[in-house]
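Work through the exercises below with the sequence and the model open. Each task is followed by a solution in steps.

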Amino acid sequence: MANILDEFKFSHDAERDRTGKKLKVGIIGCGWIAEAHLKSYQKCPDVEVVAFADLIPGKAQAFAERYGAAEGARFYNSDREMIDAEKDLDAVSVCTYNRQHAPCAIYALDHGVNVLLEKPMCVTLDEAVEICRAEKRSGKVLSIGFQPRFDENMKMVKKIVSSGELGDIYYVQTGGGRRHGIPTPFGTSFIREDTAGLGALGDIGCYSLDMVLNALGYPKPLTVSGYKSGFFGKDPSYLDKPEYAEEFSVDDFAAAFVRLEGGIILDFRISWAMHCDTPGDTIILGKKGGLRIPSTECWNGSIGGPMTVYHNVAGVCVDTKIPECDNDGDNFDKKIRSFCDAVEFGLPAPVPSSQILYNQAIIDGISRSAETGREVEINIPEI
Ligand SMILES: NC(=O)c1ccc[n+]([C@@H]2O[C@H](COP(=O)([O-])OP(=O)(O)OC[C@H]3O[C@@H](n4cnc5c(N)ncnc54)[C@H](O)[C@@H]3O)[C@@H](O)[C@H]2O)c1
């Protein structure tokens, strides 16, 4: 499955033209990230964004007007209103805050609509299981919005691990994050339990987990001992807007020790706020070699510099620098284009839920373990 993803081919315009019909797309949740979705859809000649929904009255229309997409479009006050009214919608982008990911995705899939669901997949493992079951019932495409998957340097991480150069992997240290970066640019939806449900752990932790788990072929998680804290977000003097401290009710730091199938250990830490420049580079240790992936100041789907492979050549310690890869095009555009291609041509989901289910299971395990103060088992029910 993983190889299929890496070799995912974007279809050619000529091939697309032959289908004649434009994809009709709706956008659910017209906040910050919806802008990136809309702009990428607007670059697709075979896509028409025909409907917009937001819970806040007037927000959907104002959003569409701002980006020149209002003419001929319809506007709704919820995902359900949109799905019930739009009978020939091919696909939706679910761009709501995390707590609304599961209800919106399940409702759309159950009504025969293909779904591009923003990251993190949702908040709990139970929700992730229900989303996967809805996908299975529907037979529709569900792809999760991890645009770093399309980054050439990220792909190189997977190529290095898959090449066998490192041998069998036994230990991974990953994570990353920010010294001072609790996200509140457009209000408090990222920092409230009732909207986000997860803080740094869900927001940027899901990316770190995906980088290494995708490289390893998504081994099954077995147990986790997790920790979460939120010391900075509750401090009015720390935030750009002191009044947000009262609303802060998620984590701004998380760490975990995870056992994966195959005897692999995953040592994880993630931060929106801490008194340190970085919680460390990502390190992947194998029996034949090791890989260092420099961290970034802020998770944006890129890597902080050239990677290094450490190995022995004829008994001598050798470090090999991996040249940085150039990216041809925008990762967001590729995320949207690949989803549309999957819908249009019946291709597999570019970022399948079957993989991100394990990502969500680890996040859920970290939350449960942090609450109980003990290691917990991860049990993923049959889909
Ligand atoms: N891929 C990325 O790079 C990236 C970047 C930022 C955010 N995100 C993700 O995108 C999601 C949204 O983030 P945001 O910053 O745009 O949030 P936001 O709060 O700015 O916007 C979310 C909007 O969804 C609306 N909404 C909620 N439930 C709805 C429903 N049932 N029907 C219609 N509208 C509904 C809200 O009213 C709000 O306007 C989050 O899950 C976040 O993790 C991804």
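**Exercise 1.** Is the crossing of α3 and α11 left-handed or right-handed?

*Solution.* The model is predicted, so local features need pLDDT of at least 70 and side-chain atom pairs count only at pLDDT 80 or more, while totals for chains, interfaces and linings use all residues. Residues are numbered from 1 along each chain as its sequence is written.

Step 1. Helices are DSSP runs (H or I, at least four residues), numbered from the N terminus. Helix α11 covers residues 331–345, and helix α3 covers residues 32–42.

Step 2. The axes of α3 and α11 are 9 Å apart, at an angle of about 70°. Axes are lines fitted to C-alpha atoms, for helices over the stretch in contact, and angles run from 0 to 180 degrees between N-to-C directions. The angle makes α3 roughly perpendicular to α11 (65 to 115 degrees; under 35 is roughly parallel, over 145 roughly antiparallel, and the rest oblique).

Step 3. The crossing of α3 and α11 is right-handed; in this convention the near helix is turned clockwise from the far one by less than a right angle, and anticlockwise for left-handed.

Step 4. A36, H37, S40 and Y41 of α3 meet F332, D333 and I336 of α11 (contact: C-beta atoms, placed from the backbone, within 7 Å).

**Exercise 2.** Describe how α10 packs with α12.

*Solution.* Step 1. Helix α10 (residues 205–215) and helix α12 (residues 353–372) have axes that come within 10 Å and cross at roughly 130°. That makes α10 oblique to α12.

Step 2. The crossing of α10 and α12 is right-handed. From α10 the contact takes G205, C206, L209, D210, L213 and N214, and from α12 it takes Q355, Y358, N359, I362 and I363.

Step 3. Sorted by class, this contact of α10 with α12 has six nonpolar, four polar and one charged residues (Ala, Val, Leu, Ile, Met, Phe, Trp, Tyr, Cys and Pro count as nonpolar, Asp, Glu, Lys and Arg as charged, and the others, Gly among them, as polar).

**Exercise 3.** Which residues are closest to the ligand, and which helix gives the most to the shell?

*Solution.* Step 1. The ligand is surrounded by 27 residues, the closest being G29, G31, W32, T96 and S189 (near: C-beta atom, placed from the backbone, within 6 Å).

Step 2. Helix α3 gives the most to this shell, with three residues.

Step 3. The shell has 12 nonpolar, nine polar and six charged residues. Domain 1 (2–148 + 331–351) and domain 2 (152–326 + 362–376) each supply at least three residues; the bounds come from an automatic or database domain assignment.

Note on methods: Helices (H or I, at least four residues) and strands (E, at least two) are DSSP runs, numbered from the N terminus. Two residues are in contact if their C-beta atoms, placed from the backbone, lie within 7 Å.
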